Amino acid sequence: MLTENLTPNPKINSTQAWFGDAFQDLHPLLQQLHIQGGTLEGEIDITLGKGLAGFLGRRLAKKLGVPTRNVQTGYKVSISHQAGKLVWARQFIGPDGASQDLVSEFVPYGHYPHGYWQESTGLMHFRLTVDILKGGGWNWRILGASLHGVPIPVRLFPQSKAYKCIEDGRYAFYVGCVMPGLGELFSYSGLLDLKPAMASA
């Protein structure tokens, strides 16, 4: 297992360094987003499963910092690079204007396709790798998880699906968790518009 933390060349950021030559296989708009940074904005849908699946989904979403009080909400995520890591600063904006922030930090180790990213989101920590999808999409695949620093066996953690791609010039994403035997616990997804970093400034 590769464990060395990347120290990217000053001319490239941690995402480019981790992917190496495979960075060119990502969709050009995803490349642009992860070179220049920027803010994505739009409306997203939040869904919960039925019965026990919904009860567990609500609890899991809370641990991950995802609000479930509305089925549709405004969403904004700013993507930037800091020293040796990728930062996603999310904001869920309810119909009443109240917002809830959720920040994830992704630290890369090794290189694609055998390396991984260590994500810290609220109380949860994930070890993730990436599969490049047909058309240049980016699919996160979970390798391990921990809560409060205590490892959770992958076989006991709900199956997760998380990807981002480009559809008709817009950023499409989906994040969801499924429990075998119960079905979907919760998910959130949507189509977002990009506001480049320079425009944001």
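Modeller: Here is the setting, then the rings, then some loops.

This is a predicted model, in which local features need pLDDT of at least 70, side-chain atom pairs count only at pLDDT 80 or more, and totals for chains, interfaces and linings use all residues. Residues are numbered from 1 along each chain as its sequence is written, and side-chain values use heavy atoms, with hydrogens and water left out.

The protein chain has 4 helices and 11 strands. These are DSSP runs numbered from the N terminus: helices are H or I, at least four residues, and strands are E, at least two. The radius of gyration is 17 Å, close to the 17 Å of the globule rule for 201 residues, so the chain is as compact as a globular protein of that length. That radius is taken over C-alpha atoms, and the rule is 2.2 Å times the number of residues to the power 0.38. Of the 201 residues, 44% are buried. Buried means under 20% relative accessible area, exposed over 50%, and partly exposed in between (1.4 Å probe, protein chains only).

Now the rings. The whole structure holds 18 aromatic pairs. Rings of Phe, Tyr and Trp (its six-membered ring) pair if their centres lie within 6.5 Å; planes under 30 degrees apart count as stacked, over 60 as edge-to-face and the rest as tilted. W18 and W117 make a tilted pair, with 5.5 Å between centres and 55° between planes. This pair links distant parts of the chain. W18 belongs to helix α1 (residues 14-19) and W117 to strand β5 (residues 116-121), 99 residues apart. W18 is buried, at 0% relative accessibility. W117 is buried too, at 0%.

Both belong to a cluster linked by ring pairs: W18, F19, F23, W88, F106, Y112, W117, W138 and W140. One member, Y112, is joined to P113 by a cis peptide bond, with omega about 5°. P113 lies in the loop between β4 (99-109) and β5.

Two other loops deserve a look. H148 is not a glycine, yet its phi is positive, about 55°. H148 sits in the loop between β7 (138-147) and β8 (150-152). H148 is exposed, with a relative accessible area of 57%. D168, also a residue other than glycine, has a positive phi near 50°. The loop between β9 (159-167) and β10 (170-179) holds D168. D168 is exposed, at 85% relative accessibility.
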